[in-house]
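Look at the fold below.

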Amino acid sequence: MNKRGIVLAVNISEEKGVIKTPIEVGVFKAEHGLVGDAHAGNWHRQVSLLGDESIEKIRQMGIEGLCTGKFAENITTKYIVLYELPVGTKLKIGNTIQEVSQIGKKCHDGCAIKKQVGDCVMPREGIFTKVIKGGEVRPGDTIEIIED
């Protein structure tokens, strides 16, 4: 398993269930998530991550226009297979430390992404983290698995 990846994009939205917009710098707060994002708060799914490799599977179905944030992920990654990481894995992303809290999710009805795209890979291959140590994350930052 590749133990390093990179951040392709940091994405934010003020509402749940909608496509997120890329930003230049994400400010992540401990026990909260991405400041200004609808999913942030004191719960186990503070930050959502999805790999470009997972998005590529949907592109292969002939669906065009799939850019970062289309699946409502906060962090789009590359070179690390997120959904193979066990719950409890700690990741250094930018200068934050995040802990994997959930793999996949149940897709809610009326999801804007599924309606627009035709399929949503997030329920199968997206992961969620809790922010242990806050900081900033930018596109191009590295993602490293922290070995305990």
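Contact here means heavy atoms within 4.5 Å. This is a predicted model, in which local features need pLDDT of at least 70 and side-chain atom pairs count only at pLDDT 80 or more, while totals for chains, interfaces and linings use all residues. Residues are numbered from 1 along each chain as its sequence is written, and side-chain values use heavy atoms, with hydrogens and water left out.

Start with Phe-28. Not counting residues up to four places away in sequence, Phe-28 touches Val-10, Gly-33, Leu-34, Val-47, Ile-75, Thr-96, Gln-98, Val-131, Gly-134, Gly-135 and Val-137. Phe-28 also belongs to the largest nonpolar core, which has 19 residues. Such a core is a set of buried Ala, Val, Leu, Ile, Met, Phe, Trp, Tyr and Cys residues joined through side-chain atoms within 4.5 Å. Buried means under 20% relative accessible area, exposed means over 50%, and partly exposed lies in between (1.4 Å probe, protein chains only). Phe-28, Ile-75 and Ile-93 touch the most other members of this core. Strands S1 (4-12), S5 (47-51), S7 (90-93), S9 (127-133) and S11 (142-146) each supply at least two of its residues. The largest share, three residues, comes from S1. Strands are DSSP runs (E, at least two residues), numbered from the N terminus. In soluble globular proteins, nonpolar side chains tend to be buried together.

Now the sheet. Three strands form an open, antiparallel sheet in the order S4-S3-S10. Strands S4 (33-34) and S10 (135-137) are its edges, and each pairs on one side only. Two strands pair if DSSP finds at least two bridges between them. S3 (residues 26-29) and S4 are joined by two bridges. Leu-34 in S4 is the bridge partner of Phe-28.

Next, two loops. Glu-31 sits in the loop between S3 and S4. Its phi is positive, near 55°, and it is not a glycine. Glu-31 is partly exposed because its relative accessibility is 37%. Tyr-79 lies in the loop between S6 (75-78) and S7. Tyr-79 is not a glycine either, yet has a positive phi of about 75°. At 48% relative accessible area, Tyr-79 is partly exposed. Most residues other than glycine have a negative phi.

Finish at strand S8 (residues 96-103), which contains Ile-103. Why is Ile-103 called partly exposed? Because its relative accessible area is 31%.

How values were computed:
Helices (H or I, at least four residues) and strands (E, at least two) are DSSP runs, numbered from the N terminus.
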